[in-house]
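Please take a moment to look at the sequence and the fold side by side before reading on. The paragraphs below are meant to be read with both in view.

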Amino acid sequence: MIRSWMAGLVGGLLLSAGSAFAYEANDQCGSAQVVNLGAFSTVSTFSGNTCNATPDTLSHCRPYAAPDVFYRFTVNQRSLVYVDAFSSTYDTVLFFTDVCSTEQNKGFECVDDQCGTLQSQMVQLFEPGTYYLVVSGFGGQCGAFNIHFQHLPASDVLYKLPESSQFSSSTDNMANRGVPLLTDRTQSTCSGSYGGRDVTHYYTTCPSYLGGTLSATTCGLASFDTVLYFRQGNTPAVACNDDACGLQSTISGAVTPGAALRALYTDGYSSSSFGDFSINLSRP
Ligand SMILES: [Ca+2]
Ligand SMILES: [Ca+2]
Ligand SMILES: [Ca+2]
């Protein structure tokens, strides 16, 4: 009697524990949470706990069967998409893919540890389409996570923004033999003309980054009508200038502290404005 009462009690406890345990709604790729990336200044933040999830997709950089959850996002124009997992409480692995599968598809980023932490930070160039971010763990680990999406527009060619005080590039397609012909990919916020070819110089920063002031100029350093602008994935503020000195440009703007994606764009004022240029740069 006591025994069957105990069994009933234990059974009831197990039942209530079972009904109280909730898997993450985006545990499976097919039910990935939809992310609206929003405007180019939007930080989209999500949190969850992969201990409430099951392993589904192996990454190609850390192919452990770790519990994972899925986010689905759509890119409407050629863009850099950035994501980090800073302030998560376990050893995260992040990766992108474009199909629901037991393995990450080839050609997509996968990152384990960045910025001297166990958390992950990555950026990838995407053409218009729909993609997935997978939040996974090192060595089968799971835990509470926070992820942050950012994104910025991307030119036909992208370079890392140099640390150096002066660097050179070109929007002259004759000079750019060997790379895809440049087209007009991004638009400034301070000058209304369309058709100018552009190049993107981007960089990412870590959570400990203090920010400061970025200054850049093409004054005396370009033979065509330039437009310069500096955008960041975590603020709507854009430093932008068309004609500071004749037809050339100078910008100076606040760089936000912390982890973010940032990019300097060198654009032509119109479709007939292109050529070689150098930039004098001061960046924090
Ligand atoms: Ca990690
Ligand atoms: Ca442009
Ligand atoms: Ca100009």
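The model shown here is a predicted one, and its protein chain contains one helix and 18 strands. Computed along its principal axes by calculation, the C-alpha trace of the protein chain spans about 95 × 35 × 30 Å. Of the 284 residues in the protein chain, 42% count as buried. If we take the contacts in the protein chain that have a separation of 6 or more, 78% of them are made by residues 24 or more positions apart.

The protein chain is divided into two parts, with domain 1 covering residues 18-153 and domain 2 covering residues 158-282, and the C-alpha centres of domain 1 and domain 2 lie 30 Å apart. Where these domains meet, 16 residues from domain 1 and 16 residues from domain 2 take part in the contact. On the side of domain 1 that touches domain 2, the elements that give two or more residues are strand 4 (79-84), strand 7 (121-126) and strand 9 (144-153), and strand 9 gives the most, with four residues. Sorted by class, this side of domain 1 has 10 nonpolar, four polar and two charged residues.

We can now turn to a sheet, in which four strands are arranged in the order 11-18-13-16, forming an open sheet with antiparallel pairing. Why is one side of strand 11 and of strand 16 left without a neighbour in the sheet? Strand 11 (166-170) and strand 16 (250-255) stand at the edges and each has a single partner strand, so one side of each has no neighbour there. From one strand to the next, the twist averages 25°. Strand 13, made of residues 212-217, runs antiparallel to strand 16 and is joined to strand 16 by six bridges; in strand 16, Val 255 is the bridge partner of Gly 212.

The last stop is Phe 277, which belongs to strand 18 (residues 276-282). Is Phe 277 buried or exposed? Phe 277 has 23 other C-beta atoms within 10 Å, and because a residue counts as buried when 20 or more lie within that distance, Phe 277 is buried. Leaving aside residues up to four places away in sequence, Phe 277 touches Ser 168, Ser 169, Ser 170, Thr 218, Leu 221, Ala 222, Thr 226 and Thr 266. By contrast, the C-alpha atoms of Phe 277 and Glu 109, which are 168 residues apart along the chain, are separated by 31 Å.

Notes:
Residues numbered from 1 in each chain as written. Chains lettered and ligands numbered in written order. Predicted model: local features only at pLDDT ≥ 70, side-chain atom pairs only at ≥ 80, totals over all residues. Pairing = 2+ DSSP bridges. Axes fitted to C-alpha atoms, helices over the stretch in contact; angles between N-to-C directions. Buried ≥ 20, exposed ≤ 12 C-beta atoms within 10 Å, placed from the backbone. Contact = placed C-beta atoms within 7 Å. Domains from an automatic or database assignment. Nonpolar A, V, L, I, M, F, W, Y, C, P; charged D, E, K, R; others polar.
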